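Good morning, colleagues. I would ask you to look at the model on the screen while I go through its charged pairs, its strands and its confidence values.

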Amino acid sequence: MGKQSSKRLWFGFGFAIIALVVVAVVLVLATRGNVSLLSEDTPQGIVQRFLTAVQDKDFPKAYSYLSLDERGVKITYADWLESVPAQLLSLQSTWRATLSNTIEDGNKANVSVTVDIFQPDGPFTDPVRSQMVSFQLSKIGDSWFSTSPPDLYWLY
């Protein structure tokens with residue numbers, strides 16, 4: 001195999017990787033708008049709305065789905081916003097969440113979601129990193145609220 005053939009092979013390989021990355025980004029962005037919202041009176045619906053608000057960078061809306069923590073104290077909006085990674089506030093990130101499992105026991109619920117984060121890192125790495133994230137929720141009156149808001153660092 002000559003030098004010219006080797007260069008063409010590497011160029012073709014690199015082009016194929018770039019094409020796959022572009023296709024993955026387009027698919028993630030194209031399918032985002034087609035998701036129907038789950039009922040707001042379910043734990044899954046609250047988690048979905050929280051994550052949608054975070055993805056849309058509507059942090060006041062995301063905060064509205066939070067409630068008391070395990071000690072019975074609700075973190076202030078300013079303190080919660082400080083826990084949001086600076087990258088999430090300023091950069092566009094590409095990720096999606098998929099409902100994995102829900103355990104509901106009376107006024108308590110645990111909703112697990114799988115979060116797929118798109119991070120192209122090079123031609124020999126997987127551009128998608130998956131992580132399982134759990135939300136603890138409590139029912140207060142007729143509404144569900146997250147009592148263990150994730151720190152959102154898993155998005156980066």
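Glutamate 40 counts as partly exposed, because its relative accessibility is 44%; buried means under 20% relative accessible area, exposed over 50%, and partly exposed in between, with a 1.4 Å probe and protein chains only. This is a predicted model, in which local features need pLDDT of at least 70 and side-chain atom pairs count only at pLDDT 80 or more, while totals for chains, interfaces and linings use all residues. Residues are numbered from 1 along each chain as its sequence is written, and side-chain values use heavy atoms, with hydrogens and water left out.

Which residue does glutamate 40 meet in a salt bridge? The partner is arginine 49, at 3.9 Å from N to O. A salt bridge here is a side-chain nitrogen of Lys or Arg within 4 Å of a carboxyl oxygen of Asp or Glu. Arginine 49 has 14% relative accessibility and therefore counts as buried.

The structure holds 2 salt bridges. In the other pair, the side chains of arginine 96 and aspartate 116 meet at 3.2 Å, N to O. Arginine 96 lies in strand β1, residues 95-105, and aspartate 116 in strand β2, residues 108-118, so the pair ties together parts that are 20 residues apart in sequence. Helices (H or I, at least four residues) and strands (E, at least two) are DSSP runs, numbered from the N terminus. Arginine 96 is partly exposed at 46% relative accessibility, whereas aspartate 116 is buried at 14%.

Let me turn to the strands themselves. β1 and β2 pair in the antiparallel sense over 10 bridges; two strands pair if DSSP finds at least two bridges between them. Isoleucine 103, for instance, has asparagine 110 in β2 as its bridge partner. The hairpin of these strands has 2 residues between them, and glycine 106 takes a positive phi near 65° there.

Next, helix α2, which covers residues 43-55 and includes glutamine 55. Is glutamine 55 buried or exposed? Its relative accessibility is 18%, so glutamine 55 counts as buried. A polar atom of the glutamine 55 side chain lies 2.6 Å from the backbone oxygen of tryptophan 95.

Finally, confidence. The average pLDDT, the predictor's confidence in each residue from 0 to 100, is 79 for the protein, and 72% of the residues score at least 70.

Definitions and conventions. Polar contact = N/O pair within 3.5 Å; in protein donor to acceptor, adjacent residues only side chain to side chain.
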